[in-house]
Amino acid sequence: MSALGAQAAVEEIDSGQGLFHPKRLLRFLLKDASGMVGLGLLLLVVAAAVFAPLIAPYGPAEGSFSDARLPPAWQADGTTAHLFGTDQLGQDLFSRIIYGSRVSLLVGFLGALLAVTIGVTLGLVAGFFGGWTDRVITGFTNLLLSIPYLVLVIVIATILGRSLTNVILLFGVTGSPVFVRVARGEVMRLKKLTYVEAAVGLGAGAGRIIPRHILPNIVGPLATLATFEMSAMIFYESGLGFLGLSVPPDVPSWGNMLALGRRFLTTHPWMAVYPGIAIAITTLGINLLGDWLRDTIDPRAKER
Amino acid sequence: MSRYVKLLSALLVSAALASTLFATTAVAQESTEPSGELVVSLSSDPTSLFMPRTADRTASNTAWSLYDSLVWIDEDFEIVPALATSWEISEDGTEYTFQLREGVTFHNGEPFTAESVVATWETGMDPSNDYANVFEEAESVEIIDDHTVRITTPEPNATFLTRLATFWGMVPPEYIAEVGIDEFAQNPVGTGPFRFVSRTAGDRVVMEANPDYWDEGLPKVERLVYRVIPDASTRLAAIQTGEIDIANRLTFDQVSVLEGNDNVEVVTYLNDRAYYVGFKNIGNGEGSPIEDRNVRLALNYGLDRYGIIQAIFSGQAEPLPGFVVQGNLAYDEEMMQPFPYDPERAQELLAQAGYPDGFQIALSCPADGYVNINEVCLAIQRSLADIGVEINVDFRTTNSFWSEPRYGVTGPMYVDSWSSEIGEALPRLQGALVPGNYYNTWEDERIAELIQEIEQEVDRKARAQLYQEMHRLMTEDPPFIYLYQPMIFEATRANVEGYDPRPAEEYFLKTVSLEEE
Amino acid sequence: MIGFLSKRLAESVLLMIGVLILVFFMVRLTGDPVSLILPVNAPIEQREQFREAMGLNEPLVVQFREFMLGAVTGDLGESLRLRQPNLEIILERLPATIELALGALFFAVLVSVPLGLAGGMNPGSWADKLSRSVGLAGQSIPNYWLGMLFIVFFAVELRWLPSFGRDSFTSLILPAVALGFAGMGQLVRLTRSAVLEVRSSDFVRTARSKGLRRSRVSGKHVLPNVAIPLISVLGIQFTYLLGGSVYIEVVFAWPGLGSLLEGAVRDSDFPLIQAITIFISLFAISIHLLTDLLYGAIDPRLRHS
C-alpha cells in the first residue's frame, strides 16, 4: 500500500481533481468532521504513547506465570486487574497495548520522517541540478519502485535482521521514492515559472531558491503523503511481525502481539483481537487525517 | 442470509447422505484390498523426496512412504528385518553381512538386489546431499552375491543399524544411474508401500498403493495425498472441516478446541526432544561466572521451569531431567528427577560461588526458531531475575544464531534444543558435548570420554548402564540448564485407524487405514 | 509513437539490469546459509564441501559475473534447499499467484468501481459515504487477519467454502476476497476522483447544459473517460497484488510465489529469495510497460508529449 498508496495520492494531487463541484462546500464540511475524528483518534494514540507509564497499570514486561492467559475483565474468569486479559507470560494486555503505541508511533513517525528527509533531499538535488545527478537519482528511485513493495520490504528485513533501528531504517529508505518524485517534480515545474527563472537570472543560488520558492510549495503535498506513509508503515510493521521479521520479540509492538496472539485466535481470541483493533484505529485515524489534509492544504487547490 | 444457510445445509446433508451410501458399498467389497484416499497435512513443502536430501522431518516422513531400508525399527526401538531377512555382525563389530529379501521389485520393475545397496550408498554420499555424512559412516559396501552384501564401518558403531534404518532408502541402480539424482528426486522410485504419482510444488504430493508390496496386506489405503499447509490455524480448520484426515504440528490450545468434536480424535505424545540453555566454556564464555559449577547448579535450582511450562504450554510439557528423556533407553523415573524449583538454595549456591548479589549475563535466543521459543527466553529472563541473575536476551535471526561454528556469535548462554530419532540420547550427547563439534560449546573431558564409550558399546544393556552414569555426571556438574520436553499435538479424523507417530515425530502410513464413517 | 515505444522499452531494460545488480548485492550482504540447510550433526568438513559444491566459496566478483551471465540466459541459479533450478520452481508457482491476483483484482473492481462511480456522481450522498468507508476499511484492516477470520467463519462454521489449497474455483473465493480487500480502498478512491474530474470537465458540462439526462451523461461521457486512468491503475494494482499476496498465500496454503517466498525466508534459501525478487520485479516492470503502451494506444496525447 505504501508505495502504491502514496503514488496514487500523488496522481490525485497532481491532477487536483474534484475541487469545483457545486456541493464542494458540503463535502468540505463532511471532511472536516471526519478529519477531526481522525485527529482525535491520532491524539488519543499519541497521548497513550506519551503518558504510557501513567495510563498503563503495569509495565509491559511485568506479570507472573500464574496469571497467564486470563480473559478480559468482562468475561467469566476475567478480573478487573487485567482489563483486556493477559498473554501467555501473564503480562497485562491493556498495558502492553498502551506501551505498544510507542513502538508503532516511533516506527511510523521516524520512518516517515526519514523517508521525507531522504526523499526530499534527493528530489531537490535531482530537480535542481538536473543532468547526470538527476538521472542517477531518478534511476535509483525508479529501481526501488519497480520492485513490488512488500517483496522489497521482506527481502531487506530478512537481510537486516530484527531491531527497532533496522525497521525504521527499512521503512525510511523504502518509503523515500515517492518523496523524491514529488520534490523533483515540483522543482521542475517551478523552475519553468518566470519568477523563479528571474530569481535565478538575478543570481540567486539553490540555497536561496529552495527555501524561498520551492519548499513552501511542496509542504502541503508532502504533509499529506507523509501522513499516508506513516499509516502504511504502522500497518506494515504488523505485517512484518506476522512473518517474524519486525522488531525483536521482547519489544511490545502491536505487530509482535498480533503475531503471537494469532496462534490463540480460536482459544484466547483477546490476545490477537485487541492489538488488531489498536492497529486498525491508529491507521484509520491517520488515514482520515490524511484525507482531510489532502483536501484542505493542497496548495494547488488554493491556486485555482 | 438465514435462508441461504438452510438451503446450503440441506444440500450438504443430502450430499453427506449420498456419500455415506456410496462409501458403504465401496468398502463392503474386499477388506484386504487397499481402499480410500488418505489426506495428510504437511507443515512445509518437502525439500526433496530423495532420502539423503530430506533436510527435515516433514520431508523424510513424506519420502519414507516410497522406500524401504534393509532393516526397520519397530515401535519398541528393536531392529527388525525389512529388505534384509537376516544379518550377522562380525566379532569386532565392524562388519555387517545382510541376506537380502528375494523377489522384491522397485516400482519401475527393476529387481531389488545387492547392486541396489551399493547404488544407495554411492548416491547417498554425493557431496550435494544434506545427509552425505550418514552414508560416509560406512567404509565399504561389497557384493557377496546377488542377495548378500557386506557393509564395513571403520569402528564399532552402536547406532549404525539405526542410521541404516533411518536414512538408507533403497534406490534402483539402473534408473538412478540413468537419470541422475536431481531428476530422481523429481520422479522418485523405491520399493516402498506407496509409489509416486505426482507432485505440485508447494501444494501436494500424490502417491498410490504399491500393488506388489512385499509386506502382505500393506498398505491399507489406495491413495495417499500430502497437502502442504504452512499455517497451523489453517491445519486446524481443515481437520475440522474434514478436508484432511491427519493434521500435525498443532498446539495444545488448538487441539483443546477439538474437544467434544466426535469427528476428530486428538493424538498426543511426548516428543523426543530436549530444550535447554547451553553454556559456553569456550570463546566468550571463558572467564564468565557460569564456569563455576555452583553457578550452573544455582541456575538449575533457581529457574522456575514448572511455572514456565504452566504459563506457556498450559502445563503440556514435561520438566526436563537431563539429556536422557522419557521414552529413551535407560530412562528411569526414580533416578531421573528434574531439578526442583528452589530459589533459596539457588541464592545460597550463588553466594558460595561469590555472587551473593547475582550477576549480569547475555542469553542468545533463536527468534522464532522453535514453537514458543521467544516467550520461553523472556520467561527465563524473568524467572532468573528473582535470584538476582540479570539476563540480557539477545534475539537473533535463526540464520545468524547458527551461522558460526560452536555458536560463535552467541552467548555465553543460549537456548536451543536437540531431538533424537533413535530412542536414545546419543545424537544429542554427540552433537552438543563432543569437543570440537559444530554445535559444541562445553568441554568436559569426563563427559567426552563417556560418550565415546557409549558410541562403541554395541550391547544395549551395557549402553543403558553408561547412559545412567552419564545422567549422574550431567546433573552433578550440569553443562546445561535443563528446560523441558515438549508434547506433540496432532489430530486425525475419527475414522483414521492405525496412525501411530513416534516420539521423534516420525510416522509411517503403510499401516493406516480408513474405516467407514 | 515509435519514439515513445523505444524510450519506454529502453527504460524498462535499464531498470531490469538495475534490479539484477541491486538484488545480487543486497542478498550477498547476509550471512552464511549453510548452517541452516545442513542437518545439525553435519561435521565441519562436510559444511565446507557443501559450500564448495554450491559455489559459495568463489570470490564475489566471480559469483557476480556468473550470476549476471546466468540471468541474461534465463538461469536464476539453484535453490539451496530444493536443489532445483529457481526459475523452474518459480514458473511452477506462478500460475497460482496470477490466478489469485486476478481473482482479487476482479473482486476489487467489482466492488469498488460501482461504489466509486456512485460516490463520484453524487458527492456527499450515502453512496459516497459508503464508498469512503469501504476505502478506509480496506486500508486499515490487515488482510491476513481478515483471511483468518474468513476461514473460521466461512469454512469451519458455515462450511460454505474450502479452508485452504487450490483445488477448484471455490478455493479461490476466500483468498481472493481477502486479498482484494486492501486493493479496494485505492480503487474506490481513484474511481471516485476520476469521476469527479471528468464531471467537472468542460465537455460534460456542455452535455449537461444541452439538457441531456443524467444517466445518459454518465453512460456516454463519464464512463469512457474514467476508464482510461483506471487502466493504468489496474496495472499497478495487479503488480502490487502479485507481491502483496504473501500473507494470504500463507494463511490459505495457496501454492503460489508468496508462500514460496515466505518459505524461502524461513529457510534462509537466499538464492531462491534472490530469484523470486528478481522475477517478480521483472514481471512487474513488464506489466507496467505493457499498461503504458496500452495507455499510449488509447490516449493519443501521451504519444506526443
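Two residues are in contact if their C-beta atoms, placed from the backbone, lie within 7 Å. By that rule, 42 residues of chain A are in contact with 43 residues of chain C. One caution: this is a predicted model, where local features need pLDDT of at least 70 and side-chain atom pairs count only at pLDDT 80 or more, while totals for chains, interfaces and linings use all residues. Residues are numbered from 1 along each chain as its sequence is written, and chains are lettered from A and ligands numbered from 1 in the order in which they are written.

Stay with chain A's side of that contact. Which elements give two or more residues to it? They are helix 1 (2-15), helix 2, helix 5 (131-146), helix 6 (149-160), helix 10 (206-242) and helix 12 (270-297) of chain A. Helices here are DSSP runs of H or I, at least four residues, and strands are runs of E, at least two, numbered from the N terminus. Helix 6 of chain A gives the most, with eight residues. By class, the side of chain A that touches chain C has 23 nonpolar, 15 polar and four charged residues. Nonpolar covers Ala, Val, Leu, Ile, Met, Phe, Trp, Tyr, Cys and Pro; charged is Asp, Glu, Lys and Arg; the others, Gly among them, are polar.

Next, a helix pair inside chain A. The axes of helix 4 (residues 93-129) and helix 7 (residues 164-175) of chain A come within 7 Å and cross at roughly 40°. Axes are lines fitted to C-alpha atoms, for helices over the stretch in contact, with angles from 0 to 180 degrees between N-to-C directions. That makes helix 4 of chain A oblique to helix 7 of chain A. Under 35 degrees would be roughly parallel, over 145 roughly antiparallel, 65 to 115 roughly perpendicular; the rest is oblique. From helix 4 of chain A, the contact residues include Leu110(A), Gly111(A) and Leu114(A). From helix 7 of chain A, they include Ile168(A), Phe171(A) and Gly172(A). This contact has 10 nonpolar, three polar and no charged residues.

Is Leu42(A) buried or exposed? Leu42(A) counts as buried, because it has 22 C-beta neighbours inside 10 Å. Buried means 20 or more other C-beta atoms within 10 Å of a residue's own, exposed 12 or fewer, partly exposed in between, with C-beta atoms placed from the backbone. Leaving out residues up to four places away in sequence, Leu42(A) touches Gly285(A), Ile286(A) and Leu289(A).

On to chain B. Its secondary structure comes to 16 helices and 20 strands. Its C-alpha trace spans about 75 × 75 × 40 Å along its principal axes. Buried residues make up 52% of its 517 residues. In helix 7 (residues 232-241) of chain B, nine of 10 residues are buried. Arg235(B) is one of them. After helix 7 of chain B comes Gly242(B), with a positive phi near 85°.

Helix 3 (residues 114-124) of chain B has buried residues too, among them Val117(B) and Thr120(B). The buried residues of helix 3 of chain B pack against several elements of chain B, including strand 5 (95-100) and helix 6 (173-186).

Last, chain C meeting chain B. The contact takes 46 residues from chain C and 43 residues from chain B. The side of chain C that touches chain B has 28 nonpolar, 11 polar and seven charged residues.
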